[in-house]
Amino acid sequence: MKKVTKFWLFLILAVVIYGIGQALIQTGILNAFYSNMLILMIINIILAVSLHLVIGITGQFSIGHAGFLAVGAYVSAIITMKFELPFVLAIIIGGIVAALAGLLVGIPTLRLRGDYLAIATLGFGEIIRIVFLNIEYVGGAAGMMVSNMTTWTSAFVCLVITILVISNFTNSRHGRACIAIRENEIAADAMGINTTFYKVAAFSIGSFFAGIAGGLFSHNFYIIQPTNFGFLKSFDILIFVVLGGLGSLSGSVIAAILLTVISTYLQQYPETRMIIYSVVLVVVMLYRPQGLMGTREITDFFGKKKSAKGGI
Amino acid sequence: MGALLQVKSAGIQFGGLKAVSGFNMELNQGELVGLIGPNGAGKTTSFNLLTGVYVPTEGDILFDGKRLNGLAPYQVTRNGISRTFQNIRLFSELSVLDNVKVAYHSLAKHSILSSIFRLPSHFSEEKVMEEKSLEFLKIFQLDRFKDEKAKNLPYGQQRRLEIARALAASPKLLLLDEPAAGMNPQETHELMELIAFIRNQFDLTILLIEHDMALVMGICERIYVLDHGQLIAEGTPDVIRNHPKVIEAYLGEEVPSADA
Amino acid sequence: MEWLQQLINGISLGSIYALIALGYTMVYGIIKLINFAHGDVFMVGAFVGFYAIKGWGLGFFPALLFSMAFCAVFGVLIERIAYKRLRNATRIAALITAIGMSLLIEYGVIYARGAQPEAYPDNVLPSTTFNLFGAQINSQSLFILAVSLGLMIILQIIVHRTKVGKAMRAVSHDIDAARLMGINVDRTISYTFAIGSALAGAAGVIFGVYYTKIEPLMGIIPGLKAFVAAVLGGIGIIPGAMVGGLILGVVESIVSALGFSLWRDAAAFIILILILIFKPTGIFGKNTREKV
């Protein structure tokens with residue numbers, strides 16, 4: 001499928017989905033329960049795609065992503081609630097601060113490999129949560145009240161931007177560099193790629209979008225508390241990426257959608273939900289570790305089969 | 001005209017162990033030189049010193065007049081030294097074409113933002129990279145595999161691809177680490193031809209680690225011999241073939257008689 | 001004297017961390033896996049001990065031994081079901097599976113008996129306070145310290161004086177060489193899990209007796225902290241886990257005593273980050289390099 005055709009098809013699909021969603025919500029066909037689920041779905045997709053860039057494309061095993069979600073959530077909440085500035089501005093600033101946090105966390109930790117990197121990111125995620133727990137300005141343990149400002153429109157726009165940016169990044173020499181790092185970091189070094197730069201860049205971009213998701217998140221649920229952003233949340237996001245297939249953007253999207261639906265329906269039974277999640281996780285890892293899509297994209301099934309990811 | 005590569009008493013120490021010490025080497029433009037020695041002699045370690053993977057704890061490495069000590073590997077590559085690895089290090093999930101494209105990464109200048117926003121510079125430079133990579137694959141007769149994932153190639157072609165990829169970075173000096181590993185005599189012969197071909201075609205200087213003596217004696221103009229991290233001999237193949245120290249290093253010392 | 005009190009508290013807490021950390025470090029040393037589910041074995045041990053004491057009226061030592069035995073079997077089960085197949089898989093796959101097992105155990109317990117906490121009876125161990133250099137020392141603290149030390153000494157004996165221990169050390173050095181030397185690697189790995197899990201179970205009972213309150217998610221944070229302790233001492237190194245655990249316990253007590261109790265948990269993670277940045281191989285660790 002030609003590149004340009006793919007782009008326009010994506011855009012048309014996006015507009016169509018947006019239109020349908022908007023119509024369903026505005027006319028009240030979809031009640032609050034469903035429209036809330038849709039927005040939650042979008043937030044989860046953004047989170048999944050942002051983590052996909054870090055783990056799936058660049059191979060950096062980060063399991064503290066909820067920390068950046070927290071940064072975006074709290075910062076954007078401060079901007080709207082304390083400074084009474086517009087929502088859009090709040091989201092953008094939330095994203096930027098989250099990206100800076102990503103930079104701060106990434107620079108020292110990205111020199112670590114594998115298990116150690118995972119634990120370090122987990123540690124940082126916890127530290128961020130504990131920091132917010134201790135700041136009275138944002139309500140400490142009790143949390144912070146945030147007005148509901150997230151709409152289908154604002155969420156959808158953020159989603160489209162997220163997917164476009166990360167997809168464009170991936171399908172470029174920069175994305176190729178990141179995939180090279182994932183495949184064989186030493187060889188990537190030897191081929192002239194500044195691996196530290198790209199690892200940190202991918203990490204920061206991933207954090208940026210997690211921050212954006214945070215802004216949407218905090219303005220959707222009336223209250224945010226540090227407990228929302230613990231490692232269980234990081235694992236939730238991790239599960240989207242892993243089940244979707246490490247290295248597949250569309251896989252992350254699909255997994256996020258499916259798991260949001262499942263989790264919303266199982267809202268009443270949180271233990272059952274977690275048991276199902278964990279069993280699925282273990283079974284998938286044992287019997288189909290490449291997840292749903294492996295490293296393939298949904299567009300690979302249409303037209304000429306491209307066996308390489310990141311090709312032009 | 002000075003030597004392209006000058007290594008002066010280089011060495012590296014890990015804790016108490018001197019993996020390589022007092023390493024002296026001079027390579028002139030266009031030479032095809034071999035580096036041999038028994039297993040564990042420090043050959044790959046020397047390569048790692050030359051390419052910036054290890055920082056020398058002693059001595060100097062001068063390339064094209066520039067001191068390389070302490071440069072990161074990617075910087076060394078950008079200065080004109082490329083290498084292949086003992087265990088093939090291809091980007092398995094990337095296509096053959098993409099593997100070569102990665103080599104052009106540092107030549108392109110368009111920024112991350114330019115790619116994200118799909119500015120003209122992104123498209124023009126990507127096009128150039130695509131064309132150059134394709135041409136390169138044709139030279140190595142790998143273009144028929146261009147969309148195949150690197151991991152799916154047969155072993156011999158993978159080695160070929162690794163060499164092609166290293167060359168796509170336009171190096172002045174190419175380091176080949178046991179390129180003939182795992183090859184049968186027929187493949188080794190083809191490799192020898194390939195190496196001779198690329199040396200002429202690309203005006204290269206080549207330093208090659210090998211265990212296959214037929215290959216080394218067959219194409220190298222000069223040979224350096226390492227044992228236990230130190231240079232024990234240097235010279236033309238004829239000199240090395242009969243050098244007592246080299247024979248001793250490979251075959252061990254004479255067994256002392258029982259009543260000594 | 002306040003600081004002596006805090007020191008004793010810290011060492012008591014630290015010995016619990018140390019017992020859990022030993023399991024992490026042994027498993028990591030032998031199969032390079034961070035067993036995320038280990039903290040939950042600690043939790044299971046606490047509950048098993050509780051039911052043994054409350055339900056069957058067992059005394060401290062019988063309950064301790066029973067819990068240890070139960071957890072040993074439990075640990076081996078986890079290994080056989082989940083980790084064995086993944087020995088040659090990527091590190092990420094193994095880690096994710098471990099996370100999955102951890103969640104499964106936690107929510108399985110909640111599903112089975114609810115999420116509400118339980119309280120150990122007060123009178124399991126004799127509790128008298130006596131005066132030492134002006135500090136009020138509880139005999140319980142000393143007792144659990146003695147039990148923990150006793151277990152660690154037994155572990156050292158097993159590792160260094162028995163065939164099983166020798167096999168464990170061999171496999172953690174070089175799994176293939178060990179196999180070629182005739183060591184039953186699968187069995188050795190199972191023993192490692194068994195011993196590590198038994199220690200975690202012991203830690204669970206000790207925790208229950210000392211702090212009384214137990215609940216299904218109690219293993220998460222102590223589990224992570226114990227892992228930090230293992231890394232601090234040098235992952236894969238047994239004395240390291242002991243030292244790391246004790247240091248972490250003392251640091252946490254000091255942080256708490258200085259008035260920053262909300263930052264207690266952060267102390268462990270900050271230590272982790274510092275170690276990983278400045279000396280990833282830990283206090284007793286050696287440098288290993290990836291072969292290029």
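User: Which residues in helix 1 of chain C meet helix 5 of chain C?

Analyst: This is a predicted model, where local features need pLDDT of at least 70, side-chain atom pairs count only at pLDDT 80 or more, and totals for chains, interfaces and linings use all residues. Residues are numbered from 1 along each chain as its sequence is written, while chains are lettered from A and ligands numbered from 1 in the order in which they are written. Helices are DSSP runs (H or I, at least four residues), numbered from the N terminus, and a contact means C-beta atoms, placed from the backbone, within 7 Å. Here, Ile8(C), Ile11(C), Ser12(C), Ser15(C), Ala18(C), Leu19(C) and Leu22(C) do the meeting on the helix 1 side. Their partners in helix 5 include Ile144(C), Leu145(C) and Met152(C).

User: Why does spacing of three or four places matter in an α-helix?

Analyst: With 3.6 residues a turn, residues three or four places apart point the same way.

User: How do the axes of helix 1 and helix 5 of chain C cross?

Analyst: Axes are lines fitted to C-alpha atoms, for helices over the stretch in contact, with angles from 0 to 180 degrees between N-to-C directions. These two come within 9 Å and cross at roughly 30°.

User: What follows helix 10 of chain C?

Analyst: Gly259(C), with a positive phi near 105°. Helix 10 itself covers residues 238-257.

User: How many residues does each chain give to the contact of chains A and B?

Analyst: Chain B gives 33 and chain A gives 30. Helix 3 of chain B gives the most to its side, with 5 residues.

Key: Contact = placed C-beta atoms within 7 Å. Expected span 1.5 Å × (residues − 1).
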